[in-house]
Amino acid sequence: MATATTTTTAMQLLKQNAMPSSKETMRAMQNMVTIDGIIAASKVVYKHISPTPLMEHPLLSERLGIQHLRIKHENHLPTGAFKLRGGLNYMHHFAASNNGNSNNTGGGVITATRGNHGQSIAL
């Protein structure tokens with residue numbers, strides 16, 4: 001016999017102006033990831049940044065015995081890390097959930113870190 005469960009999505013929590021716990025956030029994100037969501041996120045992200053270049057790495061290719069080994073250079077992003085994409089996508093949806101105005105609910109975002117994710121939110 002199946003039991004019914006209630007799952008709160010991250011967007012529902014944002015609409016309720018509630019701060020999700022990390023467990024709620026992870027559960028919501030696991031339920032929300034779809035191919036359509038990934039494609040939609042890429043459209044948001046690549047309005048602001050260029051795709052990360054794939055560059056051949058001859059020395060590593062030679063040492064590993066692999067022809068034409070390519071490395072994705074995340075260090076070419078403004079924050080030097082892949083987390084920029086997640087921050088851009090999150091802030092896009094945060095702004096949309098507040099009708100483009102973070103002041104309409106008295107809410108906003110504060111980041112107090114020098115880490116990659118904090119930099120992506122600040123950017």
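# Exercises on a predicted model

Helix 3 (residues 35-45) packs against helix 5 with about 95 degrees between them and a distance of 9 Å between their axes.

## Exercise 1: Describe the packing of helix 3 and helix 5

Task: classify the orientation of helix 3 and helix 5, and say which residues meet.

Solution. 

Step 1. Two numbers are needed here, since two packed helices are described by the angle between their axes and the distance between the axes. For helix 3 and helix 5 these are about 95 degrees and 9 Å.

Step 2. Angles from 65 to 115 degrees count as roughly perpendicular, so helix 3 and helix 5 are roughly perpendicular to each other.

Step 3. Now look at the residues. Helix 3 contributes Ala41, Val44 and Val45, and these meet Arg85, Leu88, Asn89 and His92 of helix 5. By type, the residues of this contact are four nonpolar, two polar and one charged.

## Exercise 2: Characterise helix 5

Task: compare the span of helix 5 with the expected value, and list its buried residues.

Solution. 

Step 1. Helix 5 covers residues 83-97, which is 15 residues. From first to last C-alpha it reaches 21 Å, close to the 21 Å expected at 1.5 Å a residue.

Step 2. Buried residues have under 20% relative accessible area. In helix 5 they are Leu84, Arg85, Gly87, Leu88, Asn89 and Phe94.

Step 3. Keep the helical repeat in mind as you view this list: an α-helix has 3.6 residues a turn, so residues three or four places apart point the same way.

Step 4. Take Leu88 and Asn89 as examples. Both are buried, and both take part in the contact with helix 3.

## Exercise 3: Follow arginine 85

Task: work out where arginine 85 sits and what surrounds it.

Solution. 

Step 1. Arginine 85 belongs to helix 5. With a relative accessibility of 17%, arginine 85 counts as buried, because the cut-off is under 20%.

Step 2. Leaving out neighbours within four places in sequence, its contacts are Val45, Tyr46, Ile49, Thr52, Lys72, Glu74 and Leu77.

Step 3. For a C-alpha distance, turn to alanine 41: this residue is 44 residues away from arginine 85 along the chain, yet their C-alpha atoms are separated by 8.4 Å.

## Exercise 4: Compare the salt bridges

Task: find the partners in each of the two salt bridges, and decide whether they are buried or partly exposed.

Solution. 

Step 1. The structure holds two salt bridges. As background, side chains of opposite charge can pair when their charged atoms come close.

Step 2. One of them joins arginine 70 to glutamate 56, with 3.6 Å between the closest N and O atoms. This pair links distant parts of the chain, 14 residues apart: arginine 70 is in strand 2 and glutamate 56 in strand 1 (residues 54-56).

Step 3. Check the accessibility of this pair. Arginine 70 is partly exposed at a relative accessible area of 45%, and glutamate 56 is partly exposed too, at 42%.

Step 4. Glutamate 74 forms a salt bridge with arginine 85, and here the closest N and O atoms are 3.1 Å apart. Glutamate 74 lies in the loop between strand 2 and helix 5 while arginine 85 is in helix 5, so the pair ties together parts that are 11 residues apart in sequence.

Step 5. Check the accessibility again. Glutamate 74 is buried with a relative accessible area of 17%, and arginine 85 counts as buried at 17% relative accessibility.

Step 6. Finish with the surroundings of glutamate 74. Beyond four places in sequence, its contacts are Thr52, Gly80, Ala81, Phe82 and Arg85.

## Exercise 5: Step back to the fold

Task: give the order of the elements and the share of buried residues.

Solution. 

Step 1. The protein has six helices and two strands, in the order α-α-α-β-α-β-α-α from the N terminus.

Step 2. Of the 123 residues in the protein, 21% are buried.

Note on methods: Residues are numbered from 1 along each chain as its sequence is written. This is a predicted model: local features need pLDDT of at least 70, side-chain atom pairs count only at pLDDT 80 or more; totals for chains, interfaces and linings use all residues. Side-chain values use heavy atoms; hydrogens and water are left out. Helices (H or I, at least four residues) and strands (E, at least two) are DSSP runs, numbered from the N terminus. The expected span of a helix is 1.5 Å times one less than its number of residues. Buried means under 20% relative accessible area, exposed over 50%, partly exposed in between (1.4 Å probe, protein chains only). Contact means heavy atoms within 4.5 Å. Axes are lines fitted to C-alpha atoms, for helices over the stretch in contact, and angles run from 0 to 180 degrees between N-to-C directions. Angles under 35 degrees count as roughly parallel, over 145 as roughly antiparallel, 65 to 115 as roughly perpendicular and the rest as oblique. Ala, Val, Leu, Ile, Met, Phe, Trp, Tyr, Cys and Pro count as nonpolar, Asp, Glu, Lys and Arg as charged, and the others, Gly among them, as polar. A salt bridge is a side-chain nitrogen of Lys or Arg within 4 Å of a carboxyl oxygen of Asp or Glu.
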